[in-house]
Amino acid sequence: MTTGPRPRPRPRRRRLLLIGGALALALAGGGAAYTFGLFSEIGDPVSFGKVQVQAQEKTATASEALPEVLMPTGPAASFVRTSRLPDGTQIAKATLTGKKSGFTGDVWVWVPKEYDDPKYARSGFPVLISLPGGRGYPTNYWGTGPGLGLQQAVADGAKSGKSLPFILIMPVTNADTKHHFDGSDIPGQPKMGTWMADDVPDFAKANFRTFSSRDGWAFMGSSAGGFNGFKQLLKYPDRFKAAIASGTDIVPDSPLWNGNTQAMDENNPEKLAAKLIDAGGPEVYINFQIGTKETGREQAEKFMKEYGKGPVHTSLQVIQDGEHNGKSYVRGMREGSLEWISKVMKGPTPDPAVR
């Protein structure tokens, strides 16, 4: 069991590779993006949930929502469009100042077509908080790079019945371009753990129809973002239920810890998993994704062998010829991880009164 930072040269190189792959893909897909109108109407105001407002007008109160549904609590954020996908769905951005962390950063969102289907107007939707690798600041490449295919993968999966129609919440993950904060409240540093575990979910609840139970809350992330997501899951199993962690680090490694072992241990997935096992629950679900052309499989399998027991359920999605980049990880999600996470999460319920 780890009691301090390990010297591991791999993560920094991998994070840089992930950024480079994402940028290259975005540039390569630029022509197609313009063809489909992804860059049209950029900067226009965006509002979500028009069908929800209509439903509330008909039923008079938000308390008419279906069981376990949390209607938007407000105040509503000011969104601007950043992309429009071929199916008409859109990615929008808002700036959030976290009430609990005090940190200010941008958050990108995407909602599936089903969100504005009248039969789901009183239902909640599951939230998949999607985290990038690399610096994760001042942008989140899952939100700024629709060409990576994450939104389309969820849309296609929902259409085929293999995936739930997740709302994607895509926040920045670090406080600057120079440091990694391990998704944690490192003593003396910006509270990026509170930002991720408290402020970002509160933002989603303020603006969208979600679920009041943890069954509607999960993470996905790559590299440093994968670590961030599955660490939050293990630290707050009462709030979140599952995570897809791709090409992920296993233990905290930010130099900002400065040897603060106690604080670092409180954010170490190995120690958090052991604590959860000793407590006997609640049950959590972790899906590791690893490409055959990247390193890291041994670390993931070691974690699964030592901590994948009791309430900690783990699985491994091996991506044939997959590399350490977003495109490979989205392919892995299409090949199995989206279906896997959808089986353990709560999905929207159609209103029997609406035909």
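Guide: The term pLDDT denotes the predictor's confidence in each residue, on a scale from 0 to 100. The term is required here since the model is predicted. Over residues 1-39 the pLDDT stays under 50, and the model has 76 contacts beyond four places in sequence for this stretch. Residues 59-63 likewise have a pLDDT that stays under 50, with five such contacts in the model. For the chain, the mean pLDDT is 88, and 85% of the residues reach 70 or more.

Let us now turn to the pair of helices. Helix H7 comprises residues 224-235 and helix H9 residues 269-279; their axes come within 9 Å and cross at roughly 25 degrees. Angles under 35 degrees count as roughly parallel, and H7 and H9 are therefore roughly parallel to each other. The crossing of H7 and H9 is left-handed. On the side of H7, the contact is made by Phe 227, Phe 230, Lys 231, Leu 234 and Lys 235. Helix H9 contributes Pro 269, Leu 272, Ala 273 and Leu 276 to the contact. Sorted by class, the residues in this contact are seven nonpolar and two charged, with no polar residue.

Helix H5 spans residues 150-160, and its buried residues are Leu 150, Gln 151, Ala 153, Val 154, Ala 155, Gly 157 and Ala 158. Just after H5 comes Gly 161, which takes a positive phi of about 90 degrees.

Conventions:
Residues are numbered from 1 along each chain as its sequence is written. This is a predicted model: local features need pLDDT of at least 70, side-chain atom pairs count only at pLDDT 80 or more; totals for chains, interfaces and linings use all residues. Side-chain values use heavy atoms; hydrogens and water are left out. Axes are lines fitted to C-alpha atoms, for helices over the stretch in contact, and angles run from 0 to 180 degrees between N-to-C directions. Helices (H or I, at least four residues) and strands (E, at least two) are DSSP runs, numbered from the N terminus. Angles under 35 degrees count as roughly parallel, over 145 as roughly antiparallel, 65 to 115 as roughly perpendicular and the rest as oblique. A crossing is left-handed if the near helix is turned anticlockwise from the far one by less than a right angle, and right-handed if clockwise. Contact means heavy atoms within 4.5 Å. Ala, Val, Leu, Ile, Met, Phe, Trp, Tyr, Cys and Pro count as nonpolar, Asp, Glu, Lys and Arg as charged, and the others, Gly among them, as polar. Buried means under 20% relative accessible area, exposed over 50%, partly exposed in between (1.4 Å probe, protein chains only).
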